[in-house]
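Visitor: Could you take me through the charged pairs and the helix packing of this model, with the cut-offs stated as we go?

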Amino acid sequence: MIRALIVVVLIFAAMQFIRPEKVVYKDDISNEIIAPAEIKEIFVRACYDCHSNKIDYPWYSYVAPFSWVVTNHTNEGTRALNFSNWEKYNYVQKNEKLKAIYRTVYSSMPLPAYTLLHKDAELTKQERELIRDWTGVRK
């Protein structure tokens, strides 16, 4: 039993040396999305931790294996949509992103695993409708 525990502790310790590359925090707002204040507040509160260059990594994102999951989610999130790079998108890309926001904000975003630990990121039905209306996408 003691040997098994020692092996588990050693494996856990070794895992800490495997550090995935995280999104680099940037305070540059030159390409950031321009939206009405109420929309922007919702995005910052509920979306920016996975969809911007201003990710506020929580303490557990520095502990493997949680760091791997968090880093994977944030890297995928910024690849799919990055509010910090919004003005770098061309017209077609922006329209595609707006359609994606329209579809996902109503049902699948923010991720339940994220809102489990970040209650302030949960969106109300009214906030979801407000964002959908803002996108300008029609059914």
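This is a predicted model: local features need pLDDT of at least 70, side-chain atom pairs count only at pLDDT 80 or more; totals for chains, interfaces and linings use all residues.

Guide: Residues are numbered from 1 along each chain as its sequence is written, and side-chain values use heavy atoms, with hydrogens and water left out.

Visitor: How many salt bridges does a search of the whole structure find?
Guide: Side chains of opposite charge can pair when their charged atoms come close. A salt bridge is counted here when a side-chain nitrogen of Lys or Arg lies within 4 Å of a carboxyl oxygen of Asp or Glu. With that criterion, the number found across the whole structure is seven.

Visitor: How far apart are the closest N and O atoms of R45 and E127?
Guide: These two residues form a salt bridge. The pair links distant parts of the chain, since R45 is in helix α2 and E127 in helix α7 (residues 125-135), 82 residues apart; helices are DSSP runs of H or I with at least four residues, numbered from the N terminus. Both R45 and E127 are buried, a class that means under 20% relative accessible area, with exposed over 50% and partly exposed in between (1.4 Å probe, protein chains only). The closest N and O atoms are separated by 2.5 Å.

Visitor: At what angle do α2 and α7 pack?
Guide: Two packed helices are described by the angle between their axes and the distance between the axes. Contacts (heavy atoms within 4.5 Å) bring E38, I39, I42, F43 and R45 of α2 against E127, L130, I131 and W134 of α7. Axes are lines fitted to C-alpha atoms over the stretch in contact, and angles run from 0 to 180 degrees between N-to-C directions. The axes are 10 Å apart, and the angle is about 115 degrees.

Visitor: Is L10 buried or exposed?
Guide: L10 is in helix α1 (residues 2-15). Its relative accessibility is 55%, and therefore L10 counts as exposed.

Methods: Helices (H or I, at least four residues) and strands (E, at least two) are DSSP runs, numbered from the N terminus.
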